[in-house]
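This briefing sets out selected features of the structure shown below. Please read the points alongside the sequence and the model.

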Amino acid sequence: MNANDPGQPPVTAAGSISTNLAVPRIALAIGAHPDDIEFGAGGTLAKWAQAGCEIHHLVLTDGSKGTWDPTADTAALVARRSREQVEAHIRLGGHGANDVHWLGRVDGELVADIPGRSEIARVIRAVKPDVVLSHDPWKRYRLHPDHRETGRLVCDAIVAARDPHFHPEHGLDPHRPLHLLLWEADEVNHIEDVEATVDIKLHALDAHESQFESTMKATDDDGLAAFRERMHQRLADIGAPAGFSAGEAFHLMSQL
Ligand SMILES: [Zn+2]
């Protein structure tokens, strides 16, 4: 798998890997684009939702560049991807559109600025997640700027959300999550068992129909079947070091 393909990197840090966090009460997953969360942590979120966790999505950009068609109506694409994201959230076990939050930045133009940090911290303070999940900003050779910037914004927002002198204008109590899980991690140190929810993850990815051609490299049924087979194999490879038949890999940060 290419370093900039969506999904999951190989597990490289065998020997010091933890597994399976306690099911959080509330989890907040933050992605750059519609579909990033399903690629990064869909199996884990589905597993937790089945166990009673309230899952929230926060998507930072509008997905307006997610097509290879230079003549595409990007306003229509944004609306379509918004609907696809809500559907994917529901398929993972989420409660619906009220738990899908948006920053609304233009796709490809996200910058880790103070207003963005503030808005993400505001969502963290409002949702009060036990676990936050997002992109790893320290992933080497990560090409897409939105993925790097999202990781930076989320790490910075964790600090801003927990400390009372950041953004008192929110009028919300500070909130400190227990754990931060970074997907497509530069250094994997944690694996979640997703054996029971692989099919739900793939079903949620199927909701992102507008991305079949550009992201999943699937223009017909055979191409889609091949994509699913690649995902099954990748998740099996990731789970293997932990003895799982399927896994999602992360860099776990605790004591935030
Ligand atoms: Zn993305």
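In this predicted model, L182 stands opposite H251 in strand β8. The strands concerned, β6 (residues 179-183) and β8 (residues 247-254), run antiparallel and are joined by five bridges.

- Eight strands form an open sheet with mixed pairing, in the order β1-β7-β8-β6-β5-β2-β3-β4.
- Strands β1 (18-19) and β4 stand at the edges; each has a single partner strand, so one side of each lacks a neighbour in the sheet.
- Helix α6 (residues 221-239) lies across β7 (190-193) and β8, and its direction makes an angle of about 50° with β8.

**Parallel strands and their crossovers**

- Strands β2 and β3 run parallel and are joined by six bridges; within this pairing, I30 has L58 of β3 as its bridge partner.
- Strand β3 also pairs in the parallel sense with β4 (residues 100-105), over four bridges, and here L58 stands opposite H101 of β4.
- From β3 the chain crosses through helix α2 (residues 74-91) to β4, in a right-handed β-α-β crossover.
- A right-handed β-α-β unit is likewise made by β2, α1 and β3.
- Seven of the eight residues of β3 (residues 54-61) are buried, so this strand is largely enclosed by the rest of the structure.

**Helix α1**

- Helix α1 comprises 15 residues (36-50) and reaches 21 Å from its first C-alpha to its last, close to the 21 Å expected at 1.5 Å a residue.
- The helix bends by about 75° at G42.
- Of the 15 residues of α1, 14 are buried, so the helix is largely enclosed by the rest of the structure.
- After α1 comes G52, whose phi is positive, near 105°.

- L28 lies in strand β2 (residues 26-31).
- L28 counts as buried because 26 other C-beta atoms lie within 10 Å, where the cut-off is 20 or more.
- Leaving aside residues up to four places away in sequence, L28 touches H56, L58, I124, V127, P129 and V132.
- One of these contacts, V132, is 104 residues from L28 along the chain, yet the two C-alpha atoms are separated by 4.9 Å.

Terms used. Residues are numbered from 1 along each chain as its sequence is written. This is a predicted model: local features need pLDDT of at least 70, side-chain atom pairs count only at pLDDT 80 or more; totals for chains, interfaces and linings use all residues. Helices (H or I, at least four residues) and strands (E, at least two) are DSSP runs, numbered from the N terminus. The expected span of a helix is 1.5 Å times one less than its number of residues. The bend at a residue is the angle between axes fitted to the seven residues ending there and the seven starting there. A residue is buried if 20 or more other C-beta atoms lie within 10 Å of its own, exposed if 12 or fewer, and partly exposed in between; C-beta atoms are placed from the backbone. Two residues are in contact if their C-beta atoms, placed from the backbone, lie within 7 Å. Two strands pair if DSSP finds at least two bridges between them. A crossover is right-handed if, with the strands pointing away from the viewer, the path from the first strand over the helix to the second runs clockwise. Axes are lines fitted to C-alpha atoms, for helices over the stretch in contact, and angles run from 0 to 180 degrees between N-to-C directions.
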